[in-house]
Number of protein chains: 2
Amino acid sequence: MPDENEKRKKHDIAEDIMKRLSSEIEKRGIDADTILVGSLARGTALKNSDVDIFIRFSRNYERAKMERVGIELGFSIFPDATPKYAEHPYVSSVVKGTKVDIVPCYRIDFNTPKISSVDRTPLHTQYMKEKLTDKSIGEVILLKLFLRRQGIYGSELKTEGFSGYVCELLILHFGTFNNFMEHMSGLSGRLIIQDQVKEFHSPVVIVDPVDLSRNAGAAVSNDSLSILKTASKFFCLNPSEDYFYYDENENIEPVNHERGTYFLALVIERPDIIDDILFPQVHLMRRKLDEFAKIQSLPILNIFDHVEEKTVTILMEFASPALPSVEKKVGPPAGNMNVVSFIEKHIKSPDFVRGPFVENGRVIIEVRRKITQFRDIFMSNLENINFGKNLSRLKSGTSIIDNQEEIKKSYAYREFLSVKSPYLAAGKDLKK
Amino acid sequence: MPDENEKRKKHDIAEDIMKRLSSEIEKRGIDADTILVGSLARGTALKNSDVDIFIRFSRNYERAKMERVGIELGFSIFPDATPKYAEHPYVSSVVKGTKVDIVPCYRIDFNTPKISSVDRTPLHTQYMKEKLTDKSIGEVILLKLFLRRQGIYGSELKTEGFSGYVCELLILHFGTFNNFMEHMSGLSGRLIIQDQVKEFHSPVVIVDPVDLSRNAGAAVSNDSLSILKTASKFFCLNPSEDYFYYDENENIEPVNHERGTYFLALVIERPDIIDDILFPQVHLMRRKLDEFAKIQSLPILNIFDHVEEKTVTILMEFASPALPSVEKKVGPPAGNMNVVSFIEKHIKSPDFVRGPFVENGRVIIEVRRKITQFRDIFMSNLENINFGKNLSRLKSGTSIIDNQEEIKKSYAYREFLSVKSPYLAAGKDLKK
């Protein structure tokens, strides 16, 4: 939780920038105003939170002009900033150690369709400033700390967790952090907070009061929800301050146990795209590699993705390093006319090994398997595996590491071993 | 096919024995007669077939007396014979190189309930002697040769194939061997020859004309039927004499290919019981070991049984020799209250390795696996695997061979490699 000094300092920064922006807006005769948004504005910020300033344009401006003028205004404050283009352009800089974003948007009303993707943000701040009491602000901060400890705070596609706004909505609904924990610890199935008819199918459904057609909880994955369900049970059984403690650099000592398995690390260059585009592709790549392994009957035990500054690594763990040198070809049922061509094809092949014989009414022939090492199986099939748009382009540069010593020295392996347990706090307690 | 000399010789043996039996029967004042049964009587015998002589007793005799007197009469002909007790007692000996069985039974009528298990046999002979023409006898012999070549001739529980009587019924129904082949080559599903209402569920249903409540094809397994379906397709496409050729000692040269796999041979003493009791138990044992391997997630590729004079061997082939030294424990869904005890139990265990984390909504913890070698996994679980009544008694004497060199020198391994292919003839043709 930020101390009062830090909060004061950030508000000073924000006020100064907004004043300068307003004078620039006036100077140019633009129909726009500025607003401080995000957790700082609502009083629910954690330590090291950003300052987010929005410039709200009249709906009369065309999209292109709004964006161009918005960026210009940003540069008038931060001449050296680099503009950012996610879905939406904005300007970002660092002032006295605090990250400051200046974001243009349209001024819209409650329950009206947004024009740009960020137009609702100022409404969220307006809504929460009205609804949140001092007491509930404290409860929101507790919830954020708890979620951060479990690795599920933040709605970015890297985390697939609970956004700050969702935390605030949850506290408004449940009243206190403890009430919410009680609810979660007993919940099976989805988390649904909805009075409306509209049907959402996400694991978490929390209707956005500023736009009743929107699910504010859409970003939460089922795994994140599962982590919360589990952690809340432990918290309710034995509440402890440990659950709110968080140290990014915390060292989790992995259990150093001979695993009797075989690892492959598939390494690809990290493309220069924002996290919210990168991570869904990394997850897709991981899922596709997992599917491929299963279709090929490789005995895959674990698959883990790890993103570093320059590389994306998929770490795969197998029960063995290779498939047998024989492969059972399973033919059609004996009553099917195709058994003839099936048998003829394989029995005449130079790769024929054994058979034909019958198992469960089907004709079987064993043939030589040409590629047996998992490393080679992946190498020769990379082309056919979907890595997502930006990663697929880099496929030709893929390297597959099979040196077990080298893998076990990698940061990816270390992170795999000390997998950021969702129940870290709980686990820590339990280990005592 | 036996030549005329051989047939003559066997008939001479049979007539001589039956004459002597009749005089013994008369001498003792017993109400019984003798009858030559089986394929010799019907003219459908293959080379090396047995001579089967039945003594039909009046139904007025009690079971025990019928059996005792039957055995006595047998001994009056073969004083040195050893009596055989399967389901039913009889006397067996060898005369001039030909096996001769003397079997007591009751004289019953068509479509009346049998008293002892073999009472229908003389009726089968009577029925077939009346129905079979010289032409159809030739067709029956073709069919028997064809089935023997594919390893599916004989209704013993070792073979689970087609009995001689079933072959005769099939030819009576289809007229010729070729007609039957045509039918089989186009058949999908079960082989059913039935005009009656009675429902049988076996893969092959052929109602017995001497007892309409009996399915003469009950012994045929689905795999045997599948083999016939496949072989008949090849025969119809390219009829060849090869399909009727059979040499018990034929040497099938296995493909000597490095399989890249791991074998275990489980060897148990062969109990002194008849084949029809032994083989179902061996098959059960094989099935139970296969199930066990699958439940334990062992990567089993093939399982094969092999019976020698003194031993029963189950040969198992795996993709690797051991499981990983870590095991993923999959907990309940995150919404279930038992996740707490699941996590507490494993995280406090000295075997804890990694986690907890969430996969597909379930909590996972990795623990150390104590027994990893497949050999040891089987050894420590033998008690819990059902080997069938007679084999289970011998379980404590089980040895598990894991020396790969030793296994590859065994006869079981050689037989596994050159698995008696159902399509041997076809395959031979195709390889040309």
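Domain bounds are those of an automatic or database domain assignment. The model shown in these figures is predicted.

**Figure 1. Chain A is divided into four parts, listed here as domains 1 to 4.** Domain 1 of chain A covers residues 4-118, and domain 2 covers residues 134-244. Domain 3 is written as two stretches, 262-322 and 372-426. Domain 4, residues 326-368, has numbers that fall between those two stretches. Taken over C-alpha atoms, the centres of domain 1 and domain 3 of chain A are 38 Å apart.

**Figure 2. The fold of chain A contains 15 helices and 15 strands.** The C-alpha trace of chain A spans about 85 × 55 × 50 Å along its principal axes. Chain A has 432 residues, and 38% of them count as buried. Among the contacts in chain A with a separation of 6 or more, 63% are made by residues 24 or more positions apart.

**Figure 3. Helix α4 of chain B, residues 121-131, has several buried residues.** They are Thr121(B), Pro122(B), Leu123(B), His124(B), Thr125(B), Tyr127(B) and Met128(B).

**Figure 4. Chain A and chain B touch through 57 residues of chain A and 57 residues of chain B.** On the side of chain A that touches chain B, the elements giving two or more residues include three helices, α8 (222-237), α10 (339-347) and α15 (424-431). The strands β12 (326-333), β13 (352-359) and β14 (362-368) of chain A also give two or more residues each. Which element gives the most to this side of chain A? Helix α8(A) does, with nine residues. By residue type, the side of chain A that touches chain B has 29 nonpolar, 17 polar and eleven charged residues.

Figure 5. The same surface serves both copies, as 100% of the contact residues of chain A recur in chain B.

Definitions and conventions: Residues are numbered from 1 along each chain as its sequence is written. Chains are lettered from A and ligands numbered from 1 in the order in which they are written. This is a predicted model: local features need pLDDT of at least 70, side-chain atom pairs count only at pLDDT 80 or more; totals for chains, interfaces and linings use all residues. Two residues are in contact if their C-beta atoms, placed from the backbone, lie within 7 Å. Helices (H or I, at least four residues) and strands (E, at least two) are DSSP runs, numbered from the N terminus. Ala, Val, Leu, Ile, Met, Phe, Trp, Tyr, Cys and Pro count as nonpolar, Asp, Glu, Lys and Arg as charged, and the others, Gly among them, as polar. A residue is buried if 20 or more other C-beta atoms lie within 10 Å of its own, exposed if 12 or fewer, and partly exposed in between; C-beta atoms are placed from the backbone.
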